[in-house]
Amino acid sequence: MASALPRPHSPRPAVRRWYEEELGWATTGTEPLELLTGVRFDVLEMPADAGGAVLRRVPRTGPVALLRPGRGAKAAQDRPKLLLLIAAGCAEELPGILDWLEWGTLAADLTARGAGGRMPAPALPSRGCASGGCGPREAAGWVRPPRPGYEAEDSLPTTGIGAGIGDGGGAPDLVRLVSTAATECHRARLVRARNGQSDRAYGDQPLAFSNASRMSAGTRPRSLTL
């Protein structure tokens, strides 16, 4: 009697073990594998063009992943997104921080995933995804990967005591990170709008007029003064 051949080994269990056992992060345990937000971390989400500018300005952010369009995201998404891990519970603080920074709805592209949310599990860094690439099965890849055996929560942007970029010990300050992210999201949105205009150098976007008039009146967003 012919014996059945063993089924090819799937790399997915190894990915799940890495996140659950090496990092201690909760996953959905399903395929495609997703990480639960609001448990060990929340996520700050923004367009990749704005996110790239943020990473150039902020050397310490905690883990960062690149989410490619069309997979693991809303159907309407047409641009890659950058996902910056922040301290658990901070997603709820984002609207208040944006209001305090006087950004209001100007930073509409800056959102957060918190309790009850999830994000695609990025490909393992060992698979060459540490620079933002994704394997054929994954919707996301690490740009700044977490380090196994290291308490990732200690490096996540947060508010309050212990936070502060460049203080040599605390996690990056969430308010300053949001300030930078909001500025770059707004700038990237204006650039995209301008590049989409074929008959004028600058579009008549409400966002551009609003920001310019506020700066002229001396009421520019508080984030620009931080």
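Contact, as the word is used here, means heavy atoms within 4.5 Å. Axes are lines fitted to C-alpha atoms, for helices over the stretch in contact, and angles run from 0 to 180 degrees between N-to-C directions. Helices (H or I, at least four residues) and strands (E, at least two) are DSSP runs, numbered from the N terminus. With these terms, one arrangement can be stated: helix 4 (residues 174-195) lies across strand 2 and strand 4, running at about 25 degrees to strand 2.

The model is predicted; local features need pLDDT of at least 70, side-chain atom pairs count only at pLDDT 80 or more, and totals for chains, interfaces and linings use all residues. Residues are numbered from 1 along each chain as its sequence is written, and side-chain values use heavy atoms, with hydrogens and water left out.

The protein chain contains 5 helices and 7 strands. Followed along the sequence, these elements give the pattern α-β-β-α-β-β-α-β-β-β-α-α. Of the 226 residues in the protein chain, 42% are buried; buried means under 20% relative accessible area, exposed over 50%, and partly exposed in between (1.4 Å probe, protein chains only). Among the contacts in the protein chain with a separation of 6 or more, 65% are between residues 24 or more positions apart.

The sheet may be considered next. Strands of a sheet pair through backbone hydrogen bonds, either parallel or antiparallel. Two strands are counted as a pair if DSSP finds at least two bridges between them. In this model, 5 strands form an open sheet in the order 5-2-4-3-7, and the pairing is antiparallel. Its edge strands, each pairing on one side only, are strand 5 (111-113) and strand 7 (140-144). On average, neighbouring strands of this sheet are turned by 30 degrees against each other, direction ignored.

The order can be traced pair by pair. Strand 2 and strand 5 pair in the antiparallel sense over 3 bridges, and here Val43 stands opposite Arg113 in strand 5. Strand 2 is also joined to strand 4 by 7 bridges, again antiparallel; Asp42 has Ile86 in strand 4 as its bridge partner. Because 7 of the 7 residues of strand 2 are buried, this strand is largely enclosed by the rest of the structure. Strand 4 (residues 81-87) pairs with strand 3 (residues 64-67) in the antiparallel sense over 4 bridges, with Leu82 in strand 4 as the bridge partner of Leu66. Strand 3 and strand 7 likewise pair in the antiparallel sense over 4 bridges. Leu67 takes part in both pairings: it stands opposite Lys81 in strand 4 and opposite Ala140 in strand 7.

In helix 2, Ala48, Ala50, Gly51, Ala53, Val54 and Leu55 are buried. What covers these residues includes strand 2, strand 3, strand 4, strand 7 and helix 4.

How do helix 2 and helix 4 cross, and at what angle? Their axes come within 8 Å and cross at roughly 135 degrees. That angle makes helix 2 oblique to helix 4, since angles under 35 degrees count as roughly parallel, over 145 as roughly antiparallel, 65 to 115 as roughly perpendicular and the rest as oblique. The residues that make the contact include Ala50, Ala53 and Val54 of helix 2 and Leu177, Ala181 and Ala188 of helix 4.

Some details lie in the loops. Pro32 is in the loop between helix 1 (12-22) and strand 1 (34-36), and a cis peptide bond with omega of about -5 degrees joins Glu31 and Pro32. Glu102 lies in the loop between helix 3 (94-100) and strand 5. Although Glu102 is not a glycine, it has a positive phi of about 65 degrees; its relative accessible area of 31% makes it partly exposed.

Thr159 is found in the loop between strand 7 and helix 4. At 27% relative accessibility, Thr159 counts as partly exposed. Thr159 and Cys90 are 69 residues apart in sequence and 8.0 Å apart in space, C-alpha to C-alpha. Leaving aside neighbours within four places in sequence, Thr159 is in contact with Glu93, Ile97, Leu174 and Val175.
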